[in-house]
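These are my notebook entries on a structure that I am reading for a new colleague. I set down what I looked up, entry by entry.

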Amino acid sequence: MRDERSGNVVAQLIRRAAVPDVFVDASTVEVTGESLVTEFAPDWTGNGLVAADPEGGEGLRIVCGQEIGTVAVAAELWDGPPPLDLAGWQDVAEVSTSWESALLNFATTPRPDEEEAELRLPGPGDYRVRVHGRNRDDGDPREEGDPVEEYLIRLWPAPWGEPCLHKAASETGALWRGEG
């Protein structure tokens with residue numbers, strides 16, 4: 001779609017999936033493909049938020065402010081780079097990944113409705129992934145009434161590119177980057 005004012009092509013949201021209570025273990029949300037397995041040691045020093053399998057395998061990890069608990073996660077598939085949204089988010093980072101299946105799963109613990117934790121992709125290929133995080137510094141463990149830790153995963157087909165840190169405002173991210 002074209003922006004009528006500028007004439008530029010504007011990316012379109014294709015589909016979205018969301019889960020309000022993804023289980024976090026060892027401070028990590030696992031993002032997997034059809035195998036539901038991701039086996040790599042993440043390096044958080046680059047952005048303190050998201051790491052992709054450095055061997056090009058199917059897997060991402062998001063580091064959270066809680067060691068064990070639940071977070072809200074939404075995932076969106078776009079047809080191109082979505083608008084950069086920094087407002088209301090503490091940390092925003094991008095990485096590239098090669099995906100081997102047509103499925104992105106972001107809640108590997110069993111759920112009554114598995115499809116709510118899955119995002120169908122157009123197929124295997126290279127993708128750019130932008131992760132947004134907020135409420136990362138609001139308690140570990142979380143007490144009732146504490147803000148819910150939230151993550152938004154946006155991805156789109158794209159050739160491989162260098163990691164990018166768009167925003168770094170949380171103490172949690174600074175700690176994982178080695179700055180705290």
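**Entry 1. A glycine in a loop**

I began with Gly88, which has its place in the loop between strand 5 and strand 6. The model is a predicted one, and I keep this in mind throughout. Is Gly88 buried or exposed? I find a relative accessible area of 53% for Gly88, and since exposed means over 50%, this glycine counts as exposed. I then looked up how Gly88 lies relative to Glu171. The two are 83 residues apart in sequence, and their C-alpha atoms are 16 Å apart in space.

**Entry 2. The overall fold**

I next listed the elements. The protein has 11 strands and one helix. Read from the N terminus, the order is β-β-β-β-β-β-β-β-β-β-β-α.

I turned to the dimensions. The C-alpha trace spans about 45 × 35 × 30 Å along its principal axes. The radius of gyration is 16 Å, which agrees with the value near 16 Å that a compact globule of 180 residues would have. Of the 180 residues, 48% count as buried.

**Entry 3. The nonpolar core**

Which residues have the most contacts inside the largest nonpolar core? I noted Val31, Ile62, Leu104, Phe106 and Ile153, in a core of 31 residues. I also looked up where the core residues come from. Among the elements that give two or more residues to this core are strand 1 (13-25), strand 2 (28-31), strand 3 (50-52) and strand 4 (60-63). Strand 5 (68-78), strand 6 (91-99), strand 9 (125-134) and strand 10 (150-157) are also on that list.

**Entry 4. Aromatic rings**

The partners are Trp44 and Trp176, with ring centres 6.2 Å apart. Their planes stand at 65 degrees, so I record the pair as edge-to-face. Trp44 belongs to the loop between strand 2 and strand 3, while Trp176 belongs to helix 1 (residues 171-176), so the pair ties together parts that lie 132 residues apart in sequence.

I compared the accessibility of the two partners. Trp44 has 9% relative accessibility and counts as buried. Trp176 has a relative accessible area of 30% and is partly exposed.

**Entry 5. Charges over rings**

I then looked for charged groups placed over aromatic faces. Arg61 lies over the face of Phe40, 4.8 Å from the ring centre. Arg134 has its charged end over the ring of Trp89, at 3.8 Å from the centre of that ring.

**Entry 6. Cysteines**

How many disulfides does the count give? I found zero. I looked up two cysteines individually. Cys64 is buried, with a relative accessible area of 1%. Cys164, at 27% relative accessibility, is partly exposed.

**Entry 7. Salt bridges around Glu76**

I counted the salt bridges next, and the structure holds 10. One of them joins the side chains of Glu76 and Arg16, at 2.9 Å from N to O. Glu76 lies in strand 5 and Arg16 in strand 1, so this pair ties together parts 60 residues apart in sequence. Glu76 itself is buried, with a relative accessible area of 5%.

Glu76 also meets Arg154 in a salt bridge, at 2.7 Å from N to O. Arg154 is in strand 10 and Glu76 in strand 5, so the pair ties together parts that are 78 residues apart in sequence. I noted that both Glu76 and Arg154 are buried.

**Entry 8. Asp91 and Arg136**

I looked up a further salt bridge, between the side chains of Asp91 and Arg136, and found 2.6 Å from N to O. It links distant parts of the chain, 45 residues apart: Asp91 is in strand 6, and Arg136 is in the loop between strand 9 and strand 10. Asp91 is buried at 0% relative accessibility. Arg136 is buried as well, at 1% relative accessibility.

Note on methods. Residues are numbered from 1 along each chain as its sequence is written. This is a predicted model: local features need pLDDT of at least 70, side-chain atom pairs count only at pLDDT 80 or more; totals for chains, interfaces and linings use all residues. Side-chain values use heavy atoms; hydrogens and water are left out. A nonpolar core is a set of buried Ala, Val, Leu, Ile, Met, Phe, Trp, Tyr and Cys residues joined through side-chain atoms within 4.5 Å. Buried means under 20% relative accessible area, exposed over 50%, partly exposed in between (1.4 Å probe, protein chains only). Helices (H or I, at least four residues) and strands (E, at least two) are DSSP runs, numbered from the N terminus. Rings of Phe, Tyr and Trp (its six-membered ring) pair if their centres lie within 6.5 Å; planes under 30 degrees apart count as stacked, over 60 as edge-to-face and the rest as tilted. A charge sits over a ring if NZ of Lys or CZ of Arg is within 6 Å of the ring centre and within 35 degrees of the ring normal. A disulfide is a pair of cysteine sulfur atoms within 2.5 Å. A salt bridge is a side-chain nitrogen of Lys or Arg within 4 Å of a carboxyl oxygen of Asp or Glu. The radius of gyration is taken over C-alpha atoms; the globule rule is 2.2 Å times the number of residues to the power 0.38.
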